[in-house]
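The account begins at the interface and then turns to individual elements.

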Amino acid sequence: MKKKVVARLISQCEIAPGIFDMWLETELASCAKPGQFVGVFTKDKSKLLPRPISICEIDNEKNALRLVYRNNGEGTGTNEFSTYEKGDKVELLGVLGNGFPFEKAEGKKVFLMGGGIGVPPILQLAKQIGDPDAQIIVGYRDSKTFLREDFEKYGRVYIATEDGSVGSKGNVMNAISDNDLKCDVIYACGPMPMLRAIKKFAEEKCVPAYISLEEHMACGVGACLGCVVKTKEVDHHSHVNNARICTDGPVFLASEVEI
Amino acid sequence: MNMTTTLAGVTFKNPVMTASGTFGSGMEYSEFVDLNKLGAVVTKGVSNVPWPGNPTPRVTEVYGGMLNAIGLQNPGVDVFMERDLKFLQDFDTKVIVNVCGKTVKDYVEVVEKLSDRDDVSMLEINVSCPNVKEGAIAFGQKAVALCNITSEIKKHAKQPVIMKLSPNVTDITEMARAAEAAGSDALSLINTITGMKIDINRRKFALANKTGGMSGPAIKPIAVRMVYQVHNAVKIPIIGMGGIANAEDAIEFMMAGASAVSVGAMNFVDPYVTEKIVTGIEDFMAKNNIENITDIIGCVE
């Protein structure tokens, strides 16, 4: 059941330059799954649309959701979010999207891959899969490897950095080849070039890859058809080759989408 | 207290409707809103065959509003009748179907397929979408073209016809008069206003389509002015829309001359907004001793 609710900010801190880590107390936590997202509304009413932000972690005991997001700078909605303090009210629309099919990882060798601001949703996924042998492959720009300590609790962590300061130099694909890693199933979230490389890799290795996509959104609930991705087959809802990222996704089997 | 309003012989339980394209066919928003509480659901534009729509990005935010260039993606009238209209049959609300096309023949084909559906109360003809290359707005920016398509649709339509007007014209009253003269039973206004946004860091258009239709609270004063002008220019009833965010906005449109109102972009901001507007209008009527909501139509002095 989707709802618009008022959440209360529990804590917020900057965990890397421009990367903010926010815990929100909200009833939405009880029905959230890894790979789903919430729409976060600004208090500035000149900005209308909810900002889609992925769920980084779910705490069912505290009824809380953790959102890790990038502050896009002066004048943006995420800049406003970064100023929120403990006790502040935050309007959320959620829980949105389908989430990662984590049950498909059972008994499999998995890659859990995140790049840049696509790293956060991989955390709850790793926690849910709960496999100490899960291969968590995360890519960053530089040595500000946010969430690294969290990941180390839930699997084997392989890091790639663009500047080579930590782990493999390059991107997550370099980390795979440098460490000669193998898998039966892939889960990934990150920038489009990374997802394209993963789609290609998965096709070559004949393994399923579940990738989480991003697009500009308006309604977030599947009504406006603003956020679509081209699909290989005519999909059940649109009857054209366009699936709704907010509702049919954001997670798709890589082989089913044209990116 | 009487909330009912009548357009072209069709009576609605209240004047609050959904603006085409922002509400699908109500399926998605039925999780938030009791559709039975609405005056009508106005469905997303439907064409004779499935339309894929435009490339992404299709939406972007602007100050106090948004731009969209969806390009009327829809599954075509056959799927629409089987799935969407069937879904809406379970609700006690009127259904207005928005019809789009590239040629007059396309529109007529949809209108004819819907003609024996008694679960469709009215047809809203989209001659004002700014985001498709052929059809739509091409019929809505020249009085002669608007006149022709209106009279052609009137020949085939069994339900009363609402022509939806574009604000992207020099004089909207000229278009309103043309539609009325050609037999339109009612008018909807305004559709979105053509706009543009540029990402200065990437030197690229924010939308793949370059231009998009602007909606949201920032366009409301333009829409209110146009409803007022058209109300004074024609005798047929008006469904007013453009940035309605609350009951006060809805009442403003009615005082300007609208017999009913549609809520669009604000559904994205508050998925409960349509129901809240119905309640808000009731409160306003009670507080101001208004017996019939129709008493306020065009009452501004």
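In this predicted model, the rule finds three salt bridges across the interface of chain A and chain B. One salt bridge across the two chains pairs B:Glu28 with A:Arg244, whose closest N and O atoms are 3.1 Å apart. On the side of chain A that touches chain B, β1 (3–16) and β15 (242–244) of chain A each supply at least two residues.

Contact involves 31 residues of chain A and 36 residues of chain B. Between them the chains bury about 2700 Å², of which 60% lies on carbon and sulfur atoms. The rule also finds 13 residue pairs in polar contact across this interface, with both residues at pLDDT 80 or more.

A further residue of chain B deserves attention here. B:Arg83 lies in helix α1 (residues 77–88) of chain B. Leaving aside residues up to four places away in sequence, B:Arg83 touches A:His236, A:His237 and A:His239 of chain A, together with B:Met27 and B:Pro75 of chain B. Is B:Arg83 buried, exposed or partly exposed? Because its relative accessible area is 25%, and buried would require under 20%, B:Arg83 counts as partly exposed. The side chains of B:Arg83 and B:Asp84 are joined by a polar contact of 2.9 Å. From B:Glu28, B:Arg83 is separated by 55 residues in sequence and by 13 Å in space, C-alpha to C-alpha.

The strands may be taken next, beginning with chain B. Strand β9 (residues 161–164) of chain B is joined to β10(B) by three bridges, and the two run parallel. B:Lys164 stands opposite B:Ser188 in β10(B). Strand β10 (residues 186–189) of chain B is covered on both faces: B:Ala186 and B:Ser188 are buried on one side, and B:Leu187 and B:Leu189 are buried on the other. In a regular strand, side chains alternate between the two faces of the sheet.

In chain A, seven strands form an open sheet with mixed pairing, in the order β11-β10-β9-β8-β12-β13-β16. Its edge strands are β11 (168–169) and β16 (251–253) of chain A, each of which pairs on one side only. Within β16(A), A:Val251 is the bridge partner of A:Ser212.

Terms used. Residues numbered from 1 in each chain as written. Chains lettered and ligands numbered in written order. Predicted model: local features only at pLDDT ≥ 70, side-chain atom pairs only at ≥ 80, totals over all residues. Heavy atoms only, no water. Contact = heavy atoms within 4.5 Å. Buried area = accessible area lost by both parts, 1.4 Å probe. Salt bridge = Lys/Arg side-chain N within 4 Å of Asp/Glu carboxyl O. Polar contact = N/O pair within 3.5 Å; in protein donor to acceptor, adjacent residues only side chain to side chain. Helix = DSSP H or I, 4+ residues; strand = E, 2+ residues; numbered from the N terminus. Buried < 20%, exposed > 50% of the residue type's maximum accessible area, 1.4 Å probe, protein only. Pairing = 2+ DSSP bridges.
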